[in-house]
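The exercises below are meant to be worked through with the sequence and the 3D structure in view. Try each task before reading its solution.

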Amino acid sequence: MIDESSLILPASWRSALDPRRGDAPASGGRGPDAAAGDGLAAATAANGDVIGRVLAGPEQDPELKDRAHAYLGGAADPAGAAVVAITLLQESRGRPGLPGFVEAWAAHHGTVFAACAFAEMAVLAMASETTRTGTTWQGLRYRRPADRWPLWGPIGEREGHRLRVLLAMAGDLEYGEAVERLAAHRRTPLQRIAVSYAVPDRMDWVEECCAAPPPAQGKDVLFWWMLLFALGSGHHLDLLQSPVPKWALRSTPRALGTVLDGIGAAAAPLIADMLDQPSQAPVRRLQVKALSLLPSDEAFGLLLHRIEDRYVPFGLIEAMERFPARALRLLGAASAGTSKAAAIAGELLSAHVPAHHERAAGLLDGLPAEARDAVATRYEALRRPADAAPEDLPELLTAPPWERPEVPRDDWEDPPDPLPVPIPRPGAWAGPDRLPRILLRGRGRALPPSATRHLLTMMAMCEHDRVYPGLEEMGRLCDPASLTQFSWAVFRWWRLNGAPAKDGWALTQLGVLGDDDTVRRLAPMIREWPGEGLHKLAERGLEVLAALGTEVALMHLHGIALKVRFKGLKALAQARVEGIAAELGLTPEQLGDRLVPSLGLDAAGGLTLDYGPRRFWVGFDEQLKPYVTDESGKRRAALPKPGVKDDPELAPAAYRRFAGLRKDVRTVAADQVGRLERAMTDQRLWTAAEFGAHVAGHPLVFHIARRLVWLAEDAGTVTPFRLAEDRTLADVADEAYTLPGSAGVRIAHPTKLGGTLGPWQELFADYEILQPFQQLARPVHNLTEAERTSWRLERFAGLKVPSGAVVRLERLGWERGEPEGGGSQNRVSRTLPGGLFAVIDLDPGLAIGAIDATPEQVLERVWIDERTDVYRRGAQERHTFGELDPLTASELLLHLTELADKAL
């Protein structure tokens with residue numbers, strides 16, 4: 001990372017050189033290496049024929065030819081040395097092993113000569129002719145605007161870097177001679193930039209370069225890094241006559257350290273632009289680190305503006321420690337509002353105020369109003385209530401066993417004091433002064449910092465298969481809401497600090513101390529983590545949900561198993577669900593019925609919200625969206641906020657209860673509506689008892705079930721029926737129907753309703769029953785006679801459709817095939833009854849991780865077989881679409897028809 005000690009602009013850039021600095025050589029402050037001179041002589045001799053051919057080329061400049069021969073004959077001619085160097089560079093194509101030119105020149109002719117030869121390289125170009133057989137070098141000449149430039153890549157940076165170090169170490173007389181001699185090597189704008197890079201303390205030369213910066217396009221843009229390394233103040237940035245290209249500065253410690261050393265806080269916008277470009281995690285961390293070092297409101301604000309970037313909060317935390325007063329002021333203002341960014345800023349502020357409470361108290365009166373309110377709220381929370389006295393706390397929090405030397409620590413012992421070896425120690429980020437205070441039961445006293453530190457040690461002992469028993473005692477001692485809040489804050493503070501792997505217990509402990517609100521906040525993160533490269537974290541998140549084991553936790557676990565866009569995570573969740581089902585002797589579908597939470601609803605499937613002097617009732621529509629009615633029966637747009645006349649305890653609790661219900665129902669609705677639609681297309685069978693307990697009798701599922709037509713199958717008789725609002729059953733004539741105890745129950749597919757489909761449609765229209773998904777109005781499709789005897793569906797072959805439309809088939813149970821050459825997925829398939837697959841071959845195929853790279857797909861063929869890779873088999877061995885039952889064939893054709901409707 002950047003060595004912060006080097007980022008203060010020194011009084012003399014040369015005398016301040018230190019081997020630890022970003023612009024110091026890897027080997028420290030050594031002089032020229034004589035061995036490099038011998039290496040260059042050997043490379044020159046080995047490539048003598050190449051050099052000769054180039055110098056004899058038809059476009060070779062005669063003057064440069066003479067100077068090169070003079071240099072090869074032993075003359076100390078910088079231009080001749082530059083000609084030979086560029087010839088060797090072109091011949092080697094920058095391969096490793098080429099000797100350092102600057103090192104060699106300095107060893108044979110001195111540092112001043114090396115500086116002049118380096119500057120001469122900036123005015124030369126190699127003429128060439130490219131044919132089918134390759135490139136022929138046709139001589140060296142002075143550069144023209146359209147000429148390619150071979151040097152200023154990694155090799156040029158290496159050579160320039162070494163020259164700059166040698167000049168920095170030179171004595172005053174030698175350095176003065178170098179500056180004097182280099183004045184004659186500033187003939188072109190690009191050469192002037194190379195010279196200013198070598199001797200950046202000539203500010204007049206730097207300002208001249210700023211007036212003629214490199215172009216924003218073409219080969220000469222590679223000179224930008226040199227110019228940026230020459231800048232010595234923020235004023236130089238203002239003098240530039242064109243914007244700095246976003247990619248001009250490489251994100252390396254040397255590059256960023258040098259620029260920050262030169263122009264300081266003025267570099268903030270430049271680095272922020274770099275942060276906005278796609279890059280790998282180490283690069284982003286370095287860019288954030290660089291911004292966190294800059295002592296300005298602008299730099300801190302640029303980080304705040306990008307606070308939702310997963311790498312930025314850790315940099316902000318470092319900046320908060322360097323500039324605590326600035327952090328109080330800017331975080332206070334940024335935490336206002338309800339956005340995600342404001343919430344993260346609020347979390348950082350909540351950790352910052354306790355750690356700097358004295359400074360916060362002194363600054364309060366001088367803060368802007370918005371920031372003052374945010375800081376004052378958190379400061380006041382530190383003052384009340386008082387800490388509990390040591391004698392009022394259990395021994396576990398005053399003299400825990402891991403601080404008693406007489407307790408053996410060779411293995412886990414019998415409760416109550418089982419200790420792991422070694423005792424885990426929370427990282428430095430997990431300080432009590434950064435986390436919320438924990439209130440004791442009754443909320444009249446709080447845990448002192450020393451006790452909180454011991455609690456953190458207990459939390460650090462948490463593993464997914466064992467928990468330190470002392471945490472149970474903490475649950476009895478502490479206020480439940482306060483302890484849960486602390487648990488979540490520990491997890492979030494760990495994440496904001498970069499989620500160090502050795503402190504993974506910060507996630508695991510949520511499975512012990514979390515609650516349903518923890519689940520509601522954690523589950524969406526688990527669903528997204530694989531897309532951020534955090535698959536292992538998502539896997540451990542599933543363990544947390546399983547460990548909590550509440551209705552809401554298992555609901556979210558089951559929801560991830562049913563629907564998530566990452567195959568690996570979905571498979572892990574399914575394995576978890578199947579394991580739980582096997583332990584209970586159930587199928588995954590049967591377990592799914594039992595995992596639908598009742599959410600505290602009453603037997604009628606509603607909820608009463610008591611505000612004291614007034615009450616409200618919650619109901620649900622066909623999509624399970626909750627609505628509220630008041631005491632007059634009037635439906636309201638939203639639940640009103642508690643007023644001054646409402647009960648001060650009942651009303652806020654009821655309001656929070658409804659907010660939690662809405663979040664849970666939003667998750668349940670998406671899962672259950674989709675689950676029941678799949679049950680219809682898969683023709684899942686419930687027993688009469690299961691139907692009564694988990695469908696008709698469930699307070700939430702009932703709201704979906706009563707808007708569907710069901711089939712009762714008993715002794716060869718099939719009877720369609722529906723659920724009335726009073727939970728009684730009725731047939732298509734609206735007559736009462738009694739479900740036999742021996743019957744099996746399915747959701748009716750329109751292909752199963754025969755001549756009753758029309759009457760059922762009329763009945764639902766008369767009662768104005770809206771369905772949660774297409775059932776009675778679902779299109780029914782049939783195979784043609786020719787298609788029934790074929791293994792291919794020719795009517796869909798050759799269609800061109802958007803790639804996104806193909807990807808959306810995954811929501812209907814289709815899966816992408818394994819990647820083939822070039823990482824392309826060239827088919828999608830869907831499992832059918834009887835062990836068959838429907839397969840769509842794609843051209844050019846879906847590019848993994850880059851769907852937009854191939855925006856369109858041609859459906860080459862649609863076929864059926866028992867495998868997804870055998871369409872080349874002989875026709876006599878094939879399966880045909882006629883093997884499918886009418887329902888399966890209809891659903892398959894429905895998917896394909898909807899895809900065809902999007903054809904381009």
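**Exercise 1. Which are the buried residues of H14?**

Solution. The model to be examined is a predicted one. Step one is to list the residues: Ala268, Leu270, Ile271, Ala272, Met274 and Leu275 are the buried residues of H14. Step two sets this list against the helix as a whole, which spans residues 268–275; six of its eight residues are buried, so H14 is largely enclosed by the rest of the structure. Step three asks what they pack against, and the partners of these buried residues are H11 (224–230), H13 (253–263), H15 (281–292), H16 (297–305) and H17.

**Exercise 2. Describe how H17 and H18 pack, and work out how their directions relate.**

Solution. Begin with the geometry: H17 covers residues 312–322 and H18 covers residues 324–334, and the two pack at an angle of about 125 degrees with their axes 5 Å apart. The contact itself involves Met320, Glu321 and Arg322 from H17, together with Pro324, Ala327 and Leu331 from H18. Sorted by class, the contact of H17 with H18 consists of four nonpolar and two charged residues, with no polar ones.

**Exercise 3. Find where the buried residues of H8 lie around its axis.**

Solution. First pick out the buried residues of H8 (residues 172–182), which are Tyr175, Ala178, Val179 and Leu182. These residues cover an arc of only 95 degrees around the axis, and they are therefore on the same side of H8. Then look at the face turned away from that buried side, where the exposed residues Leu173 and Glu180 are found.

**Exercise 4. Decide how many disulfides there are, and examine two of the cysteines.**

Solution. A disulfide is a covalent bond between the sulfur atoms of two cysteines. With a cut-off of 2.5 Å between the sulfur atoms, the count is zero disulfides. For cysteine 116, which is in no disulfide, the nearest cysteine sulfur belongs to cysteine 209 and is 16 Å away; cysteine 116 is buried, with a relative accessible area of 0%. Cysteine 462 is likewise in no disulfide, the nearest cysteine sulfur being that of cysteine 478 at 14 Å, and its 4% relative accessibility makes cysteine 462 count as buried.

**Exercise 5. Locate the backbone features at alanine 715, arginine 727 and proline 844.**

Solution. Start with alanine 715, which has a positive phi of about 55 degrees although it is not a glycine. Alanine 715 sits in the loop between S8 (710–714) and S9 (717–723), and with 79% relative accessibility it counts as exposed. Next comes arginine 727, also not a glycine, with a positive phi near 70 degrees. Arginine 727 belongs to the loop between S9 and S10 (729–730), and its relative accessible area of 24% makes it partly exposed. Finally, aspartate 843 and proline 844 are joined by a cis peptide bond, with omega about 10 degrees, and proline 844 lies in S16 (residues 836–847).

Key: Residues numbered from 1 in each chain as written. Predicted model: local features only at pLDDT ≥ 70, side-chain atom pairs only at ≥ 80, totals over all residues. Heavy atoms only, no water. Axes fitted to C-alpha atoms, helices over the stretch in contact; angles between N-to-C directions. Helix = DSSP H or I, 4+ residues; strand = E, 2+ residues; numbered from the N terminus. Contact = heavy atoms within 4.5 Å. Nonpolar A, V, L, I, M, F, W, Y, C, P; charged D, E, K, R; others polar. Buried < 20%, exposed > 50% of the residue type's maximum accessible area, 1.4 Å probe, protein only. Arc of directions from axis to C-beta.
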